[in-house]
Each structure stands twice: as structure tokens, then as C-alpha cells.
Amino acid sequence: MIEMLSVDFMQRALIAALLVGTVAPMVGIFLVQRRLSLIGDGMGHVALAGVAVGLVTGATPVLTALVAAVLAAVVIELLRTKGRTNGDVALAVIFYGGIAAGVVMISKSAEGTPGNLMKYLFGSILTTQRGDLYVFAGLALVVAVTTWALRPRLFAVANDEEYARAVGLPVLPLNIVLAVLTATTVVVAMRVVGLLLISALMIVPNAASQLVARSFSGGLRWAIALGLVSSVGGVALSYPLNTPSGGTIVLLAVALFVVTAVVTGVLARVGNQQHAVAETHAHEHGSECGHPAVTHGDHVDYLHDGHLHAAHENHYDEHGQHNGHEAAGAGGSDPVTAAPGRTGTTGTTGTTP
């Protein structure tokens, strides 16, 4: 580890991975909410055409890729809002035309070697120069600040466009902003994980975070943490293993997702087996059932024959004998009044940030 940190190109690689691992999940969480998980791949296809323009004209490929991706992002969002089949066809034409144009133009440039093409398609983080790092840091800062500042509005639009429109939010401009942020993230990450793999770093950490988080804010924090572990850990592993950094990062992200899915699945099964189920009731507990409502943590139990019973799916769980919990009313009170702090257990799509 000490040897790796003493090498200049590894220092730059780890910094670049840190930037990408932070901003990619921040943007990706809104794409997951909107079920646009593969939009990053399309942006990467168009960005390759921008890279090719830079190589042919002698301009900076990062900047030309950014211009191409941002323009495509705006066009894509405008086409998507039409909601027509020909709009989907137009998106496919843009995506496939972009990558085809990029491959052809790069082959005609002075730097059009297979190695150059692979560097942008699958990443070549070890060739990141100090100037590239400054550009990436600036773009990552813009993405992070914009995403954080617009977080509540982007969440509202991603969660329910019709509701957001009804309360007066500028839905189309916010969708365009998200598309531009996605395009910028793709460009920032193209030297780290490659244009064909960036979508994985935006989506997979968020997919894993949804398995453990119970709110949007919690999901975002988990996604960023998993993104950082995947990106920085992938670069660190690629050095001793002598493997491509982009592929190693994505494989580590997928491995974290699998481990998270297995662990949460096992814990859920164990929890379901361990909780005690109360006897079958001939009636439903409620505000007029005649049994006292008792505040118990974040939920309400009902005191029935000296036992505390809590509603759970289609049965009642046994929460032990009554041991002095404060009853909300002997006549059976409103459970919402008895436990005003209860919010329920929701996924990331149903809780405000």
C-alpha cells in the first residue's frame, strides 16, 4: 500500500476515483427513481463522438466530449417528454449514431490507435494527467453542488412528475438539468471506468443502497459510501492484480451488491422466523375495538388479555406481556394520536429527502 501511494500516477488515479465515486451515485439515484438506469450508456455513446471530434481537430477531448454529451442530453430530454414511439427510435439513432461516428472518426485521426479507443471506452485511469485531474475536479464540484442544492426538487420530479407539475415545479427544466448532470458525470468518469461502464457506477451502488436504506437521504448516503468503496477500492485492487481499473471497479461494485442482497435477504428471513405471532383474533384492533392502545417505540400495540399485540401484514405479532408501557387510552384511542412519531417503513421512493 505504501508503495502504491508513493507513485505519482496512482495518486492521481485514486483522486480521480474519489471524485467519480462521489458524484456518480449522487446523480444515479435520480435515474434509478425515474427508471432511466441505462441512460448513462447512451450518453457515453454520444460522448465518444465528442472525443473523436477533439482528437481530429486537435482540441481537448474532454471538453469536446462534454459539449457533445450536454447537447445530446438536452435533445434526449426534449424527445423523451413527447412520450411517443418515434421518440424512442430517435434516441436509439442518437445513441448508436454517436458511437459509430466516434469509432469512424477516431480511426481517421492521427491518434486513432486501438489503444486510444479502448482507453475511452473502458477507461485508463493510470494515464490521467494533472491537467485532466483539474478539469475532472471542477466538473465534479459543479455536479455535486448542483445536485445537492436541487436535491428536494429533483426528488419530487423523479418520484412523481404529475404531482411536481401540479404544485408548480418547473418539471421540464429540472429534467434537463438532471440530463446535463448525467452527461457531465459521464465525461468526468470516462477516464476512470470508461464510457461503456460508467452507467454501472451510477446505478449499481444505488441498487445496493435501496436494499438497506429506508429513506431517500439514507439511500443517498449508502450509495455514495458504496460508490467510494467501489471506485477507490477497485483502483487499489487493480494495482497489485495488474487488471484494468475500470473493469475492476465495476466488478467490485457488483460484488458489493450481491453481498448486500444476500445479507439483507438472510437477515429478513431470520427476522421473520424469530418474531412471535399472536393468536388469531376474531376482530380487527382499532380505535373502537375496546382494547387500550399502547405507545411502543415507533408503533402502537394493543393490550389484549395482558399481552401486547401489534398489527403486522395479515396477522398480529406478540410483543410480550404488558409491563408498564403508557397506554394511550383505555377505551381504545386513535393509533396515529398514540404514536405521533410513526412514519412506517418505506423504501427510497416514498420518503422525502
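## Lining of the largest cavity

Three helices each supply at least two residues of the lining of the largest cavity: α3 (39–57), α4 (61–82) and α10 (171–189). The model is predicted. In total, 13 residues line this cavity. Those nearest its centre are Leu36, Ile39, Met43, Glu77 and Ala179.

What classes of residue make up the lining? Eight are nonpolar, two are polar and three are charged. The volume of the largest cavity is about 90 Å³. How many cavities of 30 Å³ or more does the structure hold? The count is one.

## Helices α7 and α10

Two packed helices are described by the angle between their axes and the distance between the axes. The crossing of α7 past α10 is left-handed.

From α7, the contact takes Phe136, Leu139, Ala140, Val143, Thr146 and Thr147. From α10, it takes Val177, Leu181, Thr184, Thr185, Val187 and Val188. Sorted by class, the contact of α7 with α10 has eight nonpolar residues and four polar ones, with no charged residues.

## Helices α2 and α7

Helix α7 also packs with helix α2 (residues 8–33). How are these two helices oriented to each other? The angle is about 25°, with the axes 10 Å apart. Angles under 35 degrees count as roughly parallel, so α2 and α7 are roughly parallel. They cross in a left-handed way.

On the α2 side, the contact is made by Arg12, Ile15, Ala16, Leu19, Val23, Met26, Val27 and Phe30. On the α7 side, it is made by Arg130, Leu133, Phe136, Ala137, Ala140, Val143, Ala144, Thr147 and Trp148. By class, the contact of α2 with α7 divides into 14 nonpolar residues, one polar and two charged. Phe136, Ala140, Val143 and Thr147 of α7 take part in the contact with α2, and they also take part in the contact with α10.

## Helices α11 and α12

Next comes another helix pair. Helix α11 covers residues 198–212, and helix α12 covers residues 216–241. Their axes come within 8 Å and cross at roughly 130°. α11 passes α12 in a right-handed crossing.

Which residues meet here? α11 brings Leu201, Pro205, Asn206, Ala208, Ser209 and Val212. α12 brings Gly219, Trp222, Ala223, Leu226, Gly227, Ser230 and Ser231. Seven residues in the contact of α11 with α12 are nonpolar and six are polar, while none is charged.

Technical notes
Residues are numbered from 1 along each chain as its sequence is written. This is a predicted model: local features need pLDDT of at least 70, side-chain atom pairs count only at pLDDT 80 or more; totals for chains, interfaces and linings use all residues. Side-chain values use heavy atoms; hydrogens and water are left out. On a 1 Å grid over the protein atoms alone, a cavity is a set of points where a 1.4 Å probe fits but cannot get out, and a pocket is an open set with protein on both sides within 12 Å along at least five of seven lines; lining residues have an atom within 4 Å of a point. Grid points are joined across faces, edges and corners, and a volume is the space filled by probe spheres set on the points. Helices (H or I, at least four residues) and strands (E, at least two) are DSSP runs, numbered from the N terminus. Ala, Val, Leu, Ile, Met, Phe, Trp, Tyr, Cys and Pro count as nonpolar, Asp, Glu, Lys and Arg as charged, and the others, Gly among them, as polar. Axes are lines fitted to C-alpha atoms, for helices over the stretch in contact, and angles run from 0 to 180 degrees between N-to-C directions. A crossing is left-handed if the near helix is turned anticlockwise from the far one by less than a right angle, and right-handed if clockwise. Contact means heavy atoms within 4.5 Å. Angles under 35 degrees count as roughly parallel, over 145 as roughly antiparallel, 65 to 115 as roughly perpendicular and the rest as oblique.
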